Amino acid sequence: MAVVYLKKRDGLLEELGRTEVVLNSLDPAWIQKVSVSYQFEMVQILVFHVYDVDTKYHDLPAKALNLKDQEFLGEATCVLSEIVTQRSQSLTIKLQNNHGQVGPRNLGTLTVHAEEPVALKTVVDITFRCTNLDNKDLFSKSDPFLRISRIVETGNSVPICKTEVVNNNLNPIWRPISLTMRQFGSKENPLVIECFDFDSSGSHQFMGKLQKSMADLDKLHRDRTGANFVSPASLNRGREKVLKGQLFVEQFNEKPQFSFLDYIVSGFELNFMVAVDFTASNGNPRSPDSLHYIDPSGRLNSYQQAIMEVGEVLQFYDSDRHFPAWGFGGRTFNGSVSHCFNLSPNGYEVEGVEGIMAAYSGAIHNVSLAGPTLFGQVINKAAEIAGQSLSYNKNKYYVLLIITDGVLTDLQETKDALVRASDLPLSVLIVGVGGADFKQMEILDADNGKRLESSTGRMATRDIVQFVPMQQVYGGQISVVQALLEELPGQFLSYMRARDIKPHSHAPGTSA
């Protein structure tokens, strides 16, 4: 039997599930699946313990077994991202003893296979129209909209979607809406569709309701028939009233919605890049109160912490693990101030997260801090690399991490660079270190729904920036990295879907 654990941040193991017991076998293939909630923004360490279950317990269900009574055969550890980034979604790991050593005796291997549930990926595009709705307005026609709710096990209904309002129209046709299976449950699950006359005060007037499942709506579309709205008994002296208003389904289009993991499994990669702020406001690196102070005891400064934590998550999604690493705002080896220089004297790419850390430490001793704080050049450099990749490899998506302590001198130039980059396979993560006022960064991170605008009036195609101030986040329960990376899969998908780039056909044996 195998037992699967998630290693938590405090080092404790949380049991996620157990396989069934396979009798009398040294090469067991377990059928029982164990569910793990995949979180891109975290390093999720999985630990597997394998036991030989004593014969006298064979009649007991696996969950009821006391593990102390069983013989421990070995353990294996991996990160969930290591499994899901394999083309086969399978990883084979050597079993070790209790002390985490492989030891002289071969304890065997464990192969783990991961699959994403397929059902959750169905999306249905539906276009609704209505005819002969009751008019609720005195001096004009009603302004109808539809609200769709799912009926849950308790019998209550939970709203999942609503259409836009069509003004002054009793025979409206609405723009298509997209519903995912996560929203509607299953094709047989009953849905309540209600029609209201919009009122700006919020007290919308009820115009009728009906109950249909997705399967019913599909049939209405195929049969080209309408369904009558009803007014419930509670509004009509105890009797349900059938209304003359009808609902029609103009379009019903079911399609798969590819997930982030579908792209990763089929060979898409995230390429990590780093840019570090070398402006004088960070303080003299030789002074312990400098943001760039390298502590001889090995305690990481904020820059090292951000590189390490973000790199640890992203490294699994980049097969060659060669990362571009730049500095900006420093006086470099040749004596001039540069706003985009290589951290390593051996070229702009370094190997692994350790390579970035070593290049950063080296640069701190060789580059003088200067200024001002300009982002434009590093964003343009990252955009140039992302743009060039389009001509030879559409499988890459780039992630630029900028770590800064300061207020920008080139806000408009930075906005211009980001608006241009919003058409490219690129996201920009900004970590603010120290106690500066980071209001400008919040302007760049268009989370308030206001998209960036360039100096020529061009709007960003999509939001590609995520900003997190390090101090603020450490006060809470969520790590900087989680806050920084939680939007990244969505940004990746918005780029792929906007360009209708689909995952490559899946390798044999993987789930779609």
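Through salt bridges with shared partners, K187, D218, R222 and E254 form one network. A salt bridge here is a side-chain nitrogen of Lys or Arg within 4 Å of a carboxyl oxygen of Asp or Glu.

Before going on, a word on what you are looking at. This is a predicted model, in which local features need pLDDT of at least 70 and side-chain atom pairs count only at pLDDT 80 or more, while totals for chains, interfaces and linings use all residues. Residues are numbered from 1 along each chain as its sequence is written, and side-chain values use heavy atoms, with hydrogens and water left out.

### The whole protein

The protein has 512 residues, and 47% of them count as buried. Its C-alpha trace spans about 85 × 75 × 45 Å along the principal axes. Twelve helices and 24 strands make up its secondary structure; helices (H or I, at least four residues) and strands (E, at least two) are DSSP runs, numbered from the N terminus. Among contacts with a separation of 6 or more, 69% come from residues 24 or more positions apart, where contact means heavy atoms within 4.5 Å.

### Domains 1 and 3

The chain is divided into domain 1 (2–116), domain 2 (120–256) and domain 3 (260–499), with bounds from an automatic or database domain assignment. Taken over C-alpha atoms, the centres of domain 1 and domain 3 are 36 Å apart. At their interface, 15 residues of domain 1 are in contact with 21 residues of domain 3. About 1,600 Å² is buried between these two domains, and carbon and sulfur atoms give 67% of that area; buried area is the accessible area (1.4 Å probe) that two parts lose on being put together, summed over both.

### Salt bridges

The whole structure holds 13 salt bridges. One of them joins K255 to D125, with the closest N and O atoms 2.9 Å apart. K255 lies in strand β14 (residues 241–256) and D125 in strand β7 (residues 122–131), so this pair ties together parts that are 130 residues apart in sequence. Strand β14 also holds P256, whose C-alpha lies 5.8 Å from that of K121, although P256 and K121 are 135 residues apart in sequence.

D218 and R222 meet in a salt bridge at 3.5 Å, N to O. These two residues are about one helical turn apart because they are separated by four residues in helix α3 (residues 214–223).

D423 and R499 form a salt bridge at 3.9 Å, N to O. This pair links distant parts of the chain, 76 residues apart: D423 sits in the loop between α8 and β23, and R499 in the segment after α12 (488–498).

The residues below can be compared by accessibility.

| Residue | Relative accessibility | Class |
|---|---|---|
| D125 | 11% | buried |
| K255 | 33% | partly exposed |
| P256 | 57% | exposed |
| D218 | 14% | buried |
| R222 | 56% | exposed |
| D423 | 28% | partly exposed |
| C195 | 0% | buried |
| C340 | 22% | partly exposed |

### Cysteines

The structure has zero disulfides, a disulfide being a pair of cysteine sulfur atoms within 2.5 Å. C195 is in no disulfide, and the nearest cysteine sulfur, that of C130, is 5.2 Å away.

Helix α7 (residues 376–392) has 17 residues and should span 24 Å at 1.5 Å a residue; its end C-alpha atoms are 25 Å apart, which agrees. That expected span is 1.5 Å times one less than the number of residues. Its buried residues are G376, V378, I379, A382, A383, I385, A386 and S389. They pack against β15 (269–277), β16 (322–328), β22 (396–404), α8 (411–421) and β23 (426–432).

In α12, the buried residues include L488, P489, F492 and Y495. Just after α12, D500 takes a positive phi of about 55 degrees.

Conventions:
Buried means under 20% relative accessible area, exposed over 50%, partly exposed in between (1.4 Å probe, protein chains only).
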